[in-house]
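This note is meant for a colleague who is meeting the structure for the first time. Please read the points below beside the sequence and the model.

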Amino acid sequence: MLGTRREVLPRRPGHGEHILRGSRKFRILPFLGPAFIAAIAYIDPGNFATNIAGGSKFGYTLVWVIVASNLMAMLIQTLSAKLGIATGKNLPEVCRESFSRRTSILLWVQAEVIAMATDLAEFLGAALGFNLLFGIGLFPAAILTAIAAFLILGLQRFGFRPLEATIAVMVGVIGLCYVIELFYAHPPLLTVAKHAVLPQFQGTESVLLAVGILGATVMPHVIYLHSSLTQSRIVPDTEQEAKRLLRYTRIDVIIAMTVAGLINMAMLVMAASTFFEKGLRDVGSIESAHKTLQPLLGSAAASLFAIALIASGLSSSAVGTLAGQVVMQGFIKRQIPIWVRRIVTMAPAFVAIGLGADPSRTLVISQVVLSFGIPFALVPLVLFTSRGSLMGVLVNHRLTVVAASAVAAVIICLNVFLLGQTLPG
């Protein structure tokens, strides 16, 4: 038996049901998309800030953090997608139905704070990209970002496929920019491979950046969002169809998260090979990285960097707004017009710009805030996907429960350690 389902959104037939119902031909294309929307949050401007800071200050030391974070992300996003497939509900809805009203409200409040921290990083990053590419002021760049973000969100009117395609194209743009930049940088691949499997830190600041990278990679808001993207996109009617859909979903997650992980690694490696190895270890901000790239690698590399930042900020900002809608609807059964949410979540970025806050430092701190929000989404996700009465044949295997519990424990312990290291006294 599948878990108890209910329709939350209208069903959209014709996007893969015929493949689930007996076709033996392997055609993955109709099932690709949800994981790519989730993946864009894993390569947002917060990743630019944390990866540049990590690469320029500590070289290739923290490459392993990106590898570990990406493996965690694959597991977590698969669980989130599986919850939507099995129950027809998203994670906030299941939380509301399983927990007390007070607990649901508290979870909603912290999720909204996380959503604001997310959008602060994404919106500010896109504005910074326009600022660097065109040389305009940060405030006009923020207005340009707002207009572009509204246009992307407007694609929802034409269904989910145009939005998914737009997000996938932007992921491709970011990836292409970094492939070209790595060609300019010539990183030592053997050294990169060594640090990809060798866990180590270099003091408290490296732990701070590691937690920031983790927060920028394992994003709590897309843990909520992915379950919503799969809850009624393609609805299985039998246990066999559900298992087959989950197999396709895993492929979607693996492809999307692998692309996102490689882009993240390219960010840090580019910073390490371009700045750290040349003794420029104070290049901890996006602005200084862009400024320094031009004399080191040429104006083309600097422009590619800015273009990638714009694509990252715009697409991830749109995804963050969608996640905010899911959070509110799920936890408290309320909805506001998406343009109202977009305006509200833009406000902190405009305030930060108006106060003259350091954009890159603000981005790094926002990622640490995100990391502290991960357990509030991850722990309920592991609990729910381990319930046979809820998940049916898609319930977690024992090994999955152990792995997911270990991931949650590692994240919580890292956050507690970071808190103990950074609080006065």
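1. Residue classes come first: Ala, Val, Leu, Ile, Met, Phe, Trp, Tyr, Cys and Pro count as nonpolar, Asp, Glu, Lys and Arg as charged, and the others, Gly among them, as polar. By these classes, five nonpolar, two polar and two charged residues make up the lining of the largest cavity.

2. On the basis of the note: this is a predicted model, in which local features need pLDDT of at least 70 and side-chain atom pairs count only at pLDDT 80 or more, while totals for chains, interfaces and linings use all residues. Residues are numbered from 1 along each chain as its sequence is written, and side-chain values use heavy atoms, with hydrogens and water left out.

3. On the overall fold: the protein chain has 18 helices and zero strands (DSSP runs, H or I of at least four residues for helices and E of at least two for strands, numbered from the N terminus). Of its 425 residues, 59% count as buried; buried means under 20% relative accessible area, exposed over 50%, and partly exposed in between, with a 1.4 Å probe and protein chains only. Among contacts (heavy atoms within 4.5 Å) between residues at least 6 apart in sequence, 85% join residues at least 24 apart.

4. On the cysteines: how many disulfides does the rule give? The count is zero, where a disulfide is a pair of cysteine sulfur atoms within 2.5 Å. C95 counts as buried because its relative accessibility is 1%. C413, by contrast, counts as exposed, its relative accessibility being 53%.

5. On the salt bridges: the count comes to four, a salt bridge being a side-chain nitrogen of Lys or Arg within 4 Å of a carboxyl oxygen of Asp or Glu. One of them joins the side chains of E205 and K57, at 3.4 Å from N to O. This pair links distant parts of the chain, for E205 lies in helix α10 (residues 204–217) and K57 in helix α3 (residues 45–58), 148 residues apart. E205 has a relative accessible area of 29% and is therefore partly exposed; K57, at 31%, also counts as partly exposed.

6. On the salt-bridge network: shared partners join K89, R96 and E97 into one network. Within it, the side chains of R96 and E97 meet at 3.9 Å, N to O. R96 is buried, with a relative accessible area of 19%, whereas E97 is partly exposed, at 42%.

7. On the cavities: the structure holds three cavities of 30 Å³ or more. On a 1 Å grid over the protein atoms alone, a cavity is a set of points where a 1.4 Å probe fits but cannot get out, and lining residues have an atom within 4 Å of a point. Grid points are joined across faces, edges and corners, and a volume is the space filled by probe spheres set on the points. The largest cavity has a volume of about 90 Å³. Its lining consists of F31, P34, I85, T230, R233, I234, L245, T249 and D252, and α12 supplies the largest share, three residues.

8. On the second largest cavity: its space is about 40 Å³, and the lining residues are Q110, A111, I114, A115, P220, H221, Y224, V327 and G373. Two or more of these residues come from each of α6 and α11 (220–230), and α6 gives the most, with four. The lining divides into six nonpolar, three polar and no charged residues.

9. On the second largest pocket: a pocket is an open set of grid points with protein on both sides within 12 Å along at least five of seven lines. The second largest pocket has a volume of about 370 Å³. Of the 21 residues that line it, T78, K82, R250, H397 and T400 are the closest to its centre. At least two lining residues each come from α4 (63–87), α12 (239–274) and α18 (398–422), and α4 contributes the most, with eight. By class, the lining has 13 nonpolar, four polar and four charged residues.
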